[in-house]
Amino acid sequence: MNVEDVVPSHGNSRKRSRSSTPVPTNPAQTKRQLQAAVERDAQLIHKLSNEETRNDALNDMLKLSLSHDPSFAMSSDSLLQTLAQIVKECLEWNEPHIILPEDKDSKDVQDNAQAKQELLLKSKLTWIQAPTPRLTAWFHHCRQMLGTRRVLLDQASLQTLDVILVILRNLSYVGANLRLFIYVPDILAILGGCLYERPLEYKGTDSSLAGTGTHLALAAAHVLLHLAPYWDVSGQRRTVDRLFYRPHTADGGPVVPDPESFGWTANGGWGFGGAYLAKQHDSKEDTMENISKAFLLAVASTYLESAWSIFGPLGHALTDPSTPRNVLLMVLDVLQELINVARIGVVGNIHEDDEEIPTLRAILVHMPDNLLSRLVDCLYIPRLGPDAIDYVDPVHNVVTRVNPLKLLMGYEATVDTEVRDRVLDILVPLVELDAPRMAIRLGHDTGAIRVRLFDALVPAVTTTVGRNDASLLATQLLRELSKTDANRVAFQYIQSRLVTLASKDTRVAHLVWNHLYKPADRASAAGSEEGDGRDVSSNGSGNEDE
């Protein structure tokens, strides 16, 4: 199987989903269509299980997933489980075994085994450490096999991985498949592991090293972008589905794995307990009120394990300087979607409580300092040259088209506007998630002001290239940073440059004199100080000469 013949282009990173409905629904409206989907999936699973017919099955799935009419809606999670198992085989993954002492019946052994599998749900640690030791070992294995040891994988395995990730990306465009993706832990673990893929630095014409790009990471980021609006780190939605959703009675409802494990209280078997839980259900927000952490973990622990595991790979893809530009842009889009989800219903400050599962908002505002520094660095990345994300060798690449901006070689011509605009669209709502504490963290780095941030924002307030709202986003970010007195020294650092720009631009003048440096406030403050001095003199505690 030649992967170049079947793998489509990855260039369109902003493709719309085929489903326009906000909640995924199954397009198989009749029993006849549903039965046809079940038979189709069974045939594909049978062919995928046989190594001799596996390539034919992957080609068939690729063609079906590329078809827009009808969309490829899966009948169950069995197909995804089969694809996940093939990916693990290609990556040579062996499940780790917990090594226990000889006395397997002792209480200490049981406590030790439970501690090794206990979920680590800490918002400050999820960017650094996976929630379970098993996932930590899996991500470490993926980082080796898709990075430094990638040359050890045979060509057939690399091609199979490429095709499967493209199939997963195409299936994620169908709204009916999104809940299956979310509820299958192995798929989420594979998507996170593929983000560790890095291109090999190979210079030559040997065709045997084909497939050494970053197709896996790009396709995985594509799928995560589609899943971001449905991401739930609290386990509330999973619990609501388990308690109240009955797939076999819902006509055309979303498909979920193991339908018999859903709808526990829908048949009235829980009596008054089910009635009590129904009263705690907020149908508008799809959440539960007054539900303990222990109950959520008992119902949705497997789902929470996979949902919390994705932040470590995202942070690695953002902070690793070897991440290709197309993957970096897609990961920035995923982070932006997660922030948009976290902004829904933002009220009050964040207070971490061990008795509750942290929210997505808490995870985002507790991102490590090195990740914030990387986002700030992305505000000004050269478009060309050795410091650019994708270096273009001028000896082998000749550009014949020259525009006036390139001749001037000013800010507009040298900055990578796509990366800058995406980062601005992330930082503005991120600061608003936990103001003013997030503004203080963003404006300072190890106790000193973050000079690179303010140096990048000054020219961005008057930019005319890139997105139309780029200058407005830079202006809004400066306003958010100015709302805390901790950043006053930083605004004194850029005051002269902003005043110069204010003399040339009306909008910048409005920002400078009405929000950043208010003359009326300074005059009133000076007047109040003079008044205080006169009161002191009149009270006899001093004289005017002194």
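**Charges, rings and buried residues**

User: Which residue forms a salt bridge with Arg450?

Analyst: A salt bridge needs a side-chain nitrogen of Lys or Arg within 4 Å of a carboxyl oxygen of Asp or Glu. Here the closest N and O atoms are 4.0 Å apart. The partner of Arg450 is Asp445.

User: Which pLDDT do local features need in this predicted model?

Analyst: Residues are numbered from 1 along each chain as its sequence is written, and side-chain values use heavy atoms, with hydrogens and water left out. In this predicted model, totals for chains, interfaces and linings use all residues, side-chain atom pairs count only at pLDDT 80 or more, and local features need pLDDT of at least 70.

User: Is Arg450 buried or exposed?

Analyst: Buried means under 20% relative accessible area, exposed means over 50%, and partly exposed lies in between (1.4 Å probe, protein chains only). Asp445, at 30%, is partly exposed. Arg450 has a relative accessible area of 6%, so this residue is buried.

User: How many residues apart in sequence are the parts that Arg198 and Asp320 tie together?

Analyst: Arg198 and Asp320 form a salt bridge, with the closest N and O atoms 2.8 Å apart. Arg198 lies in the loop between helix H9 and helix H10, and Asp320 in the loop between helix H14 and helix H15, so the parts that the pair ties together are 122 residues apart. Helices (H or I, at least four residues) and strands (E, at least two) are DSSP runs, numbered from the N terminus.

User: Which cysteine sulfur is nearest to that of Cys194?

Analyst: A disulfide is a pair of cysteine sulfur atoms within 2.5 Å. The search of the whole structure finds zero disulfides. Cys194 is in none, and the nearest cysteine sulfur is 6.6 Å away, in Cys142.

User: What is the angle between the planes of Trp127 and Phe311?

Analyst: Rings of Phe, Tyr and Trp (its six-membered ring) pair if their centres lie within 6.5 Å; planes under 30 degrees apart are stacked, over 60 edge-to-face, the rest tilted. By this rule there are five aromatic pairs. Trp127 and Phe311 form an edge-to-face pair, 5.4 Å centre to centre, with the planes at 65°.

User: How many residues apart are Phe454 and Phe491?

Analyst: These two form an edge-to-face pair, 5.5 Å centre to centre and 75° between the planes. Phe454 is in helix H22 and Phe491 in helix H24, a separation of 37 residues.

User: Over which ring does the charged end of Arg238 sit?

Analyst: A charge sits over a ring if NZ of Lys or CZ of Arg is within 6 Å of the ring centre and within 35 degrees of the ring normal. Arg497 lies over the face of Tyr493, at 5.1 Å from the ring centre. For Arg238, at 4.4 Å from the centre, the ring is that of Tyr183.
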